[in-house]
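Dear colleague,

Please find the structure below, together with its sequence. I would be grateful if you would read the notes that follow it alongside the coordinates.

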Amino acid sequence: MTATHLKAVPGTPATSRSDEEWRLRRELAACYRLVAHFRMTDLIFTHISLRVPGPEHHFLINPYGLFFDEITASNLVKIGLDGRAVEPTPHMVNPAGFVIHSAIHGAREDAQCVLHTHTKSGCAVAAQKDGLLPLNQMSMEFYGNTAYHDYEGIALEMDEQKRLVADLGTKPVMILRNHGLLTVGKDPQQAFLRMYYLDKACEIQLAAQSGGAMLVIPPKEVCEHTERQFSAPYTPASDTLGDPEGYNLAWSAMLRLLDRIDPSYKD
């Protein structure tokens with residue numbers, strides 16, 4: 001694959017998008033702006049993608065060369081699993097973004113949104129042999145649910161896709177060793193909140209390790225119980241309290257934050 005494979009397509013951008021596609025574009029653009037706001041960017045070099053409904057497996061991804069706080073609903077690029085734009089666009093797509101994201105979209109129907117970062121904390125934990133440790137309640141959300149993929153170089157080789165997909169399996173998050181973090185979700189909200197807390201868990205781990213004191217790791221049974229509390233669907237008949245609306249409320253609050261700061265992501 002070469003950069004010309006993912007070149008811009010001349011012409012007038014599509015104007016006949018469905019209302020549903022515009023809704024998804026605004027959600028994805030909001031996700032980009034939130035990643036920028038919470039300082040999880042790497043200049044122009046990471047990606048968030050979102051599948052567009054339909055049998056074609058088209059998905060939206062960032063225009064190569066724009067900062068995340070420049071991304072809007074209308075300038076997102078729609079491409080197919082072959083990496084080619086499926087409508088006119090003045091923008092290119094980062095080849096590494098195509099390799100990683102198209103592999104996961106093509107293999108996982110539930111992975112509607114794929115989010116990848118190179119944060120300092122995420123990259124630091126990705127360089128540790130033991131990976132993410134259950135040192136805090138935030139990290140226990142991912143206990144037993146974190147995949148690992150060994151580093152093979154910059155993700156430009158199509159052959160790596162099958163190993164990437166095999167390593168991810170059915171898990172919601174993956175640590176790309178010596179590289180960074182990756183989350184998937186049924187929508188941008190889920191992928192973002194998983195990344196926010198995965199990255200926060202990495203920050204906490206590094207802070208705890210830097211103190212030099214002996215670390216307390218809860219028993220396996222407690223870690224497993226905590227993970228179930230995060231992942232098990234809440235039912236009124238349960239004798240355990242639940243917070244089924246917490247993440248929805250958090251996402252709504254963040255959208256209000258964006259609207260106060262700069263609502264141009266909707267454009």
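The model is predicted: local features need pLDDT of at least 70, side-chain atom pairs count only at pLDDT 80 or more, and totals for chains, interfaces and linings use all residues. Residues are numbered from 1 along each chain as its sequence is written, and side-chain values use heavy atoms, with hydrogens and water left out.

**The sheet**

Helices (H or I, at least four residues) and strands (E, at least two) are DSSP runs, numbered from the N terminus. Seven strands form an open sheet in the order E3-E2-E1-E4-E7-E6-E5, with mixed pairing; two strands pair if DSSP finds at least two bridges between them. At the edges are strand E3 (77-79) and strand E5 (146-149), each of which pairs on one side only. From one strand to the next, the twist averages 20°. Axes are lines fitted to C-alpha atoms, for helices over the stretch in contact, and angles run from 0 to 180 degrees between N-to-C directions.

Strand E1 (residues 47-51) is mostly covered, with five of its five residues buried. Buried means under 20% relative accessible area, exposed over 50%, and partly exposed in between (1.4 Å probe, protein chains only). In a regular strand the side chains alternate between the two faces of the sheet. In E1, His47, Ser49 and Arg51 point one way, while Ile48 and Leu50 point the other way.

E1 runs antiparallel to strand E4 (residues 113-117), to which four bridges join it; Ser49 has Val114 as its bridge partner in E4. Two bridges join E1 to strand E2 (residues 59-61), again antiparallel, and there the partner of Arg51 is Phe59. By contrast, E5 and strand E6 (residues 173-176) run parallel and are joined by four bridges, with Ala147 opposite Met174 in E6.

Helix H5 (residues 160-168) lies across E5, E6 and strand E7 (180-185), running at about 155° to E5.

**Helix packing**

Two packed helices are described by the angle between their axes and the distance between the axes. Helix H1 (residues 19-37) and helix H8 (residues 246-261) pack at an angle of about 80°, with axes 10 Å apart. H1 and H8 are therefore roughly perpendicular to each other. Angles under 35 degrees count as roughly parallel, over 145 as roughly antiparallel, 65 to 115 as roughly perpendicular and the rest as oblique. Glu27, Ala30, Cys31, Arg33, Leu34 and His37 in H1 meet Trp251, Met254, Leu255, Leu257, Leu258 and Ile261 in H8. The residues of this contact divide into nine nonpolar, one polar and two charged. Ala, Val, Leu, Ile, Met, Phe, Trp, Tyr, Cys and Pro count as nonpolar, Asp, Glu, Lys and Arg as charged, and the others, Gly among them, as polar.

The axes of H6 and H8 come within 11 Å and cross at roughly 95°. In this contact, Pro188, Gln189, Phe192, Leu193 and Tyr197 in H6 meet Tyr247, Asn248, Trp251 and Met254 in H8. Seven of these residues are nonpolar, two are polar and none is charged. Gln189, in helix H6 (residues 188-210), counts as buried because its relative accessibility is 15%. Leaving out residues up to four places away in sequence, Gln189 touches Tyr247, Asn248 and Trp251.

**Cysteines**

The structure holds zero disulfides (a disulfide is a pair of cysteine sulfur atoms within 2.5 Å). For Cys31, the nearest cysteine sulfur is that of Cys113, 5.3 Å away. Cys31 counts as buried, at 0% relative accessibility. For Cys202, the nearest cysteine sulfur is that of Cys123, 9.4 Å away, and Cys202 is likewise buried, with a relative accessible area of 0%.

**Positive phi values**

Most residues other than glycine have a negative phi, and most peptide bonds are trans. Leu43, in the loop between H1 and E1, has a positive phi near 55° and is exposed, with a relative accessible area of 53%. His57, in the loop between E1 and E2, has a positive phi near 60° but is buried, with a relative accessible area of 15%.

With kind regards

How values were computed: Contact means heavy atoms within 4.5 Å.
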